[in-house]
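Notebook open, side chains on the list for today. I wanted to look up contacts first, then surface.

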Amino acid sequence: MRTVAGLSEMLGGGIWPVRKGKRLVVGVSEDRAALLDEILQLVCAQKVRPVIQETLNFGEIRKAYEITDSGRKRGSVVLTF
């Protein structure tokens, strides 16, 4: 079972038009997907624990940037939608 999706799979497309005739192509390489699967298995087995400093609503994105730019971030800053 594959447990990790690339950004393009999560957002429903792989190529988006961007400014000035350039395009944005997103996704996750197979090697990286395998690594993320392995990390997920370790987290599920409680062999590693993610460190989350703060969980914020998407509307608080400015505060999230302030935390990450402060130089004092101790864990991940998670945005919820």
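Predicted model: local features only at pLDDT ≥ 70, side-chain atom pairs only at ≥ 80, totals over all residues.

I started with charges: Lys63 makes a salt bridge with Glu54, with 3.2 Å between the closest N and O atoms. My rule was a side-chain nitrogen of Lys or Arg within 4 Å of a carboxyl oxygen of Asp or Glu, and by that rule I count one salt bridge.

Numbering runs from 1 along each chain as its sequence is written, and side-chain values use heavy atoms, with hydrogens and water left out.

Buried or exposed, I asked of the two partners? Lys63 is partly exposed at 37% relative accessibility, and Glu54 is partly exposed too, at 23%. (Buried is under 20% relative accessible area, exposed over 50%, partly exposed in between, with a 1.4 Å probe and protein chains only.)

Next, rings. I searched the whole structure and got one aromatic pair (ring centres of Phe, Tyr or Trp, the latter by its six-membered ring, within 6.5 Å). Phe58 and Phe81 are stacked, 5.0 Å centre to centre with 25° between the planes; stacked is under 30 degrees, edge-to-face over 60, tilted the rest. The pair links distant parts of the chain, 23 residues apart: Phe58 sits in the loop between strand 3 (52-57) and helix 3 (61-69), Phe81 in the segment after strand 4 (76-80). Helices (H or I, at least four residues) and strands (E, at least two) are DSSP runs numbered from the N terminus. I noted Phe58 as partly exposed at 41% and Phe81 as exposed at 85%.
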